[in-house]
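Work through the following exercises with the sequence and the model side by side, and try each task before reading its solution.

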Amino acid sequence: MGGARRLAGLLGAVALLTAVPGNARAAEPTFAGTTAIGTHNAYEKAKYTYFAQALDSGASLLEIDVYTDPLTRRWRVSHSNPLGNDNNCEAAKTPGELYGKNRDQDLGSCLDNIAAWHQLHPDHRPIVFKMEMKNGFNNTLGLGPAAFDTLVRQKLGDMVYKPSDLLGGKHASLDAAARADAWPSRNALNGKVLFELIPGTVEQANPFDHYWTDQEYGDHLRDLYAAGNIASAQAFPAVLGAAAGDPRASRYDASIRPWFVFFDGDAATYVTKGYDTSFYSRNHYILITTDAAQVAPAISSTSPTDAEVAARLSLLAGQHASLITSDWSAKSAVVLGLVVPRS
């Protein structure tokens, strides 16, 4: 009974966050003031037969792994094959083509699927696409940050909530905008998607790669802003890895630190090491906590009960997370769609 009451209470919180009357909009928490659920590696066929089903899932974050293929000079989507596609994205560009076309497509097709699904659900929840750039960018082959921006812009247009949208023409950096809590409410972001970029496992393990995705895209944002072209940027780079204090200070040149407002790290590390995660909510940064099932007491990473998911969401909202992720793709849209206030 206790688990059922907890789930019911959280569902009530969802209703409060998503059904605020028009004259009460000022009381809504901003996007940075809520906590929601995401799905790890949502592009895998073992998670969802088609990527459109991942979009149907209710999850507020979906992860995609991307490789730059030096042979074809294309963006591949796969967990471990850098030269081929292995995923649930379809060769589908229109709503009527979803849920039945050939899969194992490249990143452009994944974006086509998002655009087609958006036509069916124009007022959908805001969705963060976490892009793990497995082997990083490859600017020398035309697969750098600007090319990524161009592809996303061509495929998704104005459905993307961009860094320039957070700046709003009022702030000189993303950090300044976040600290001012310039984020819109979740309701105001309905129909929008956001892109988070993290360095990939292959990139991090490459002893010859000293220019990772986070730094490269941070430099990209700084330079675009200086040139008056920040509106062309489509993504937010993330600081990867749980750490104490402000992890930007020891990792990046001072010129790009203000261009990081997304942080992404292991949930159990944040909790068990007692890191002061209030730093993130106090400054209205977006904190993504991964492997949420492993926080003590551990629960199933694939098939927990609804009440266990609700309890874990509540626990990590209390630890100032913005999004929690696990491999809970089998859960219903009601559960994966839970959104609660962030502490």
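Contact here means that heavy atoms lie within 4.5 Å. The model is predicted, so that local features need pLDDT of at least 70 and side-chain atom pairs count only at pLDDT 80 or more, while totals for chains, interfaces and linings use all residues. Residues are numbered from 1 along each chain as its sequence is written, and side-chain values use heavy atoms, with hydrogens and water left out.

**Exercise 1.** List the residues that W183 touches, not counting residues up to four places away in sequence.

**Exercise 2.** Find which residues touch the most other members of the largest nonpolar core.

*Solution.* A nonpolar core is a set of buried (under 20% relative accessible area, 1.4 Å probe, protein chains only) Ala, Val, Leu, Ile, Met, Phe, Trp, Tyr and Cys residues joined through side-chain atoms within 4.5 Å. The largest has 98 residues, and F129, F148, W183 and F195 touch the most other members. Helix 3 (residues 107–120), a DSSP run of H or I with at least four residues, gives the most to this core, with seven residues.

**Exercise 3.** Decide whether A321 is buried or exposed, and name its contacts.

*Solution.* A321 has a relative accessible area of 0%, and is therefore buried. Leaving aside neighbours within four places in sequence, A321 is in contact with T34, T35, L287, T289, L316 and R342. The C-alpha atoms of A321 and K273, 48 residues apart along the chain, are separated by 15 Å.

How values were computed. Buried means under 20% relative accessible area, exposed over 50%, partly exposed in between (1.4 Å probe, protein chains only). Helices (H or I, at least four residues) and strands (E, at least two) are DSSP runs, numbered from the N terminus.
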